[in-house]
Amino acid sequence: DRRVRQAFNHLVNYDALDKGLLGGILGPGARMLSPAAGPTWHAPDLKPYPYDPERAKQLLAEANWPMDQEITLYGSVGGRMRDKDVVQALAAEFKRAGLNAKAEIVEVAVYSVNQRKDEYKDINFRGLGTRWHGPEDMGIVLPDSGFDNTTWTDNTEGGKKYLELYA
C-alpha cells in the first residue's frame, strides 16, 4: 500500500540522523545517499518527505495498518559508516510512532549472504550509496580503496567531514 511506504518515509528524521550520527556529511535536506553518488543515483530535484510522525500515523490508520504487527529493520555492523547505529535509530523512531518495530543487526558478511538469498522480508538497509555499485556500496569514497576517482573526499566539505569520521 502506497500510504504505508509514505508513512515509513515520514518517520525518518534524516536531518537528526545526519547531524547526530553522521557528523553532517549529508547536509540539510539530504537523504541517506552520499553526495558522491552523483546524478546516476542522486535526484536533487525530488522533494524529500518531511519528518512528520503525525502524518505517518494518519497514513497508517488510513491504510488500516495493524500497529501491533512486528516489523524488523535489518542491518549490518562493520560494513558501512555507523550502519548499526542508523538502523537502531530508525527502529526507535518507528517505535515512538507506535509501531511494533525492532532492529536486527548481524555482521556484514552474514548480512550480505542473507540478502542475496532474499531472507530479509521486512526492511533492510544497504549503505549510503555511490555510483560505483549503486546505492549499496560506499567503496568509491573509502580512502585508499583505489575507487575514489570522484575527488569527492578531497574537494568537498562533505568529503572532508567523511574523512574525519572515517579516520
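A: The account below begins with the overall fold and then turns to the aromatic rings.

The model is predicted. The secondary structure of the protein consists of eight helices and three strands, and from the N terminus on the elements follow the order α-α-α-α-β-α-β-α-β-α-α. Of its 167 residues, 40% count as buried. The accessible surface amounts to about 9400 Å², with 51% of this area belonging to carbon and sulfur atoms. Where contacts join residues at least 6 apart in sequence, 60% of them are between residues at least 24 apart.

The three strands make up an open sheet with parallel pairing, in the order β2-β1-β3. Because β2 (100-107) and β3 are the edge strands and each has a single partner strand, one side of each lacks a neighbour in the sheet. Strands β1 and β3 run parallel and are joined by two bridges. Tyr74 takes part in this region of the sheet, with Asn124 in β3 as its bridge partner.

In one of them, the rings of Tyr74 and Tyr120 lie 4.4 Å apart from centre to centre, with 35° between their planes, and the pair is tilted. This pair connects distant parts of the chain, 46 residues apart: Tyr74 belongs to strand β1 (residues 70-77), whereas Tyr120 lies in the loop between α6 (108-116) and β3 (123-124). Both Tyr74 and Tyr120 are buried.

Tyr120 has a further ring partner, Tyr111. The centres of the Tyr111 and Tyr120 rings are 5.1 Å apart and their planes stand at 25°, so this pair is stacked. The angle decides the class, because planes under 30 degrees apart count as stacked. Tyr111 is buried, as is Tyr120. Tyr120 is thus found in a tilted pair with Tyr74 and in a stacked pair with Tyr111.

Phe8, Trp65 and Phe94 are linked by ring pairs into a cluster.

Key:
Residues are numbered from 1 along each chain as its sequence is written. This is a predicted model: local features need pLDDT of at least 70, side-chain atom pairs count only at pLDDT 80 or more; totals for chains, interfaces and linings use all residues. Side-chain values use heavy atoms; hydrogens and water are left out. Rings of Phe, Tyr and Trp (its six-membered ring) pair if their centres lie within 6.5 Å; planes under 30 degrees apart count as stacked, over 60 as edge-to-face and the rest as tilted. Helices (H or I, at least four residues) and strands (E, at least two) are DSSP runs, numbered from the N terminus. Buried means under 20% relative accessible area, exposed over 50%, partly exposed in between (1.4 Å probe, protein chains only). Contact means heavy atoms within 4.5 Å. Accessible areas come from the Shrake-Rupley method with a 1.4 Å probe; for residues, only the protein chains shown count as cover. Two strands pair if DSSP finds at least two bridges between them.
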